[in-house]
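Here is a short tour of one protein model, written to be read with the structure open beside you.

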Amino acid sequence: MLFFTQCFGAVLDLIHLRFQHYKAKRVFSAAGQLVCVVNPTHSLKYVSNRHAVGQTSTEQGSLRSYHPPETVHDPQLIPCMCPLFSCQWEGHIEVVVSHLRQTHRINILHGAEIVFLATDMHLPAPTDWIIMHSCLGHHFLLVLRKQEKYEGHPQFFATMMLIGTPIQADNFTYRLELNRNQRRLKWEATPRSVLECVDSVISEGDCLVLNTSLAQLFSDNGSLAIGIAITASKVHTAEAEM
């Protein structure tokens, strides 16, 4: 009975996912936009950090001080940019995309304009919805996070970051758009580089910020559709033509 109950639950989840995808395609197909249904992921980064702090404090009371040998660090190596896990990986920025795809299973969508459909918005914080977006010869990381900036008051933070340097990021503009029930909300900005860290961007509020009531206003049966468009600046376009 337990086996059949689990199988039945998995089938219901699959039906629910297919239904959400069908609804999104029906709504946005007229505009010719690509729809990506993104399921939530509970962030393990904060849990692992708290566990590490507690473990360190316990070990300090029982172990003597130890000074590891000094190592030469390559300044061109950057840490893992996935906001979900405390990953110890380091590598060059050219292989960040491969690491995110192969290790953290983050999907890539192609096209200048897509629709990011985040499901299960009711789940408790902290929760993340993440996708990579490939267009104009570059890769971008879209992060939607549900987080309690103040205790008992969860908010939603959405930002687009370029997997590249800050100088490269200045050549692009991204737009996030919510549109439902004759209401429209837009956020337009220059993307930040992943070298600047997603947590810093969210803590500074340099992104689209929604409180719970506003997110519910634009959501449909617990799913939030965000239209995404990325354009190149005029200077970047002129240089490409030359």
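## Cysteines

Cys197 is partly exposed, with a relative accessibility of 30%. Cys207, by contrast, is buried at 2%. Please keep in mind that this is a predicted model. How many disulfides does it contain? The count comes to zero, where a disulfide would need two cysteine sulfur atoms within 2.5 Å.

## Strand β10 and its partners

Have a look at strand β10, which covers residues 172–180 and runs antiparallel to strand β14, residues 224–232. Six bridges join these two strands, and one point to find on screen is Tyr174, whose bridge partner in β14 is Ile230.

β10 also pairs with strand β11 (residues 183–189), again in the antiparallel sense, over seven bridges. Here Asn179 has Arg184 of β11 as its bridge partner. What do β10 and β11 form together? They make a hairpin with two residues between the strands. In the turn, Asn181 has a positive phi of about 55°.

## Aromatic pairs

A search of the whole structure turns up two aromatic pairs. In one of them, Trp129 and Phe156 are tilted, with 6.4 Å from centre to centre and 45° between the planes. Trp129 belongs to strand β7 (residues 127–135) and Phe156 to strand β9 (residues 153–162), so this pair ties together parts that are 27 residues apart in sequence. Trp129 is buried at 0% relative accessibility, and Phe156 is buried at 3%.

The other pair, Phe140 with Phe172, is edge-to-face, at 5.4 Å centre to centre and 85° between the planes. Because Phe140 lies in strand β8 (residues 138–150) and Phe172 in strand β10, the pair ties together parts that are 32 residues apart in sequence. Phe140 has a relative accessible area of 0% and is buried; Phe172 is buried too, at 1%.

## His138

His138 lies in strand β8. Which backbone atom does the side chain of His138 reach? It is the oxygen of Leu136, at 3.2 Å. Leaving aside residues up to four places away in sequence, His138 touches His133, Leu162, Gln168 and Phe172.

## Salt bridges

Arg175 forms one with Glu177, the closest N and O atoms being 3.7 Å apart. Arg175 is partly exposed at 25% relative accessibility, whereas Glu177 is buried at 17%.

Arg180, meanwhile, meets Asp220 in a salt bridge of 3.6 Å, N to O. Asp220 sits in the loop between α6 (212–218) and β14, and Arg180 in strand β10, so the pair ties together parts that are 40 residues apart in sequence. Asp220 is partly exposed at 29%, and Arg180 is partly exposed at 25%.

## A charged network

Asp206 and Arg192 form a salt bridge in which the closest N and O atoms are 2.6 Å apart. This pair links distant parts of the chain: Asp206 is in the loop between α5 (198–204) and β13 (208–211), while Arg192 is in strand β12 (residues 192–193), 14 residues apart. Asp206 is partly exposed at 29% relative accessibility, and Arg192 is buried at 15%. Which residues join them in one network? Through salt bridges that share partners, Arg192 and Asp206 are joined with Glu196 and Glu204.

Note on methods. Residues are numbered from 1 along each chain as its sequence is written. This is a predicted model: local features need pLDDT of at least 70, side-chain atom pairs count only at pLDDT 80 or more; totals for chains, interfaces and linings use all residues. Side-chain values use heavy atoms; hydrogens and water are left out. Two strands pair if DSSP finds at least two bridges between them. Helices (H or I, at least four residues) and strands (E, at least two) are DSSP runs, numbered from the N terminus. Buried means under 20% relative accessible area, exposed over 50%, partly exposed in between (1.4 Å probe, protein chains only). Rings of Phe, Tyr and Trp (its six-membered ring) pair if their centres lie within 6.5 Å; planes under 30 degrees apart count as stacked, over 60 as edge-to-face and the rest as tilted. A polar contact is a pair of N or O atoms within 3.5 Å; within protein, one must be able to donate a hydrogen and the other to accept it, and residues adjacent in sequence count only if both atoms are side-chain atoms. Contact means heavy atoms within 4.5 Å. A salt bridge is a side-chain nitrogen of Lys or Arg within 4 Å of a carboxyl oxygen of Asp or Glu.
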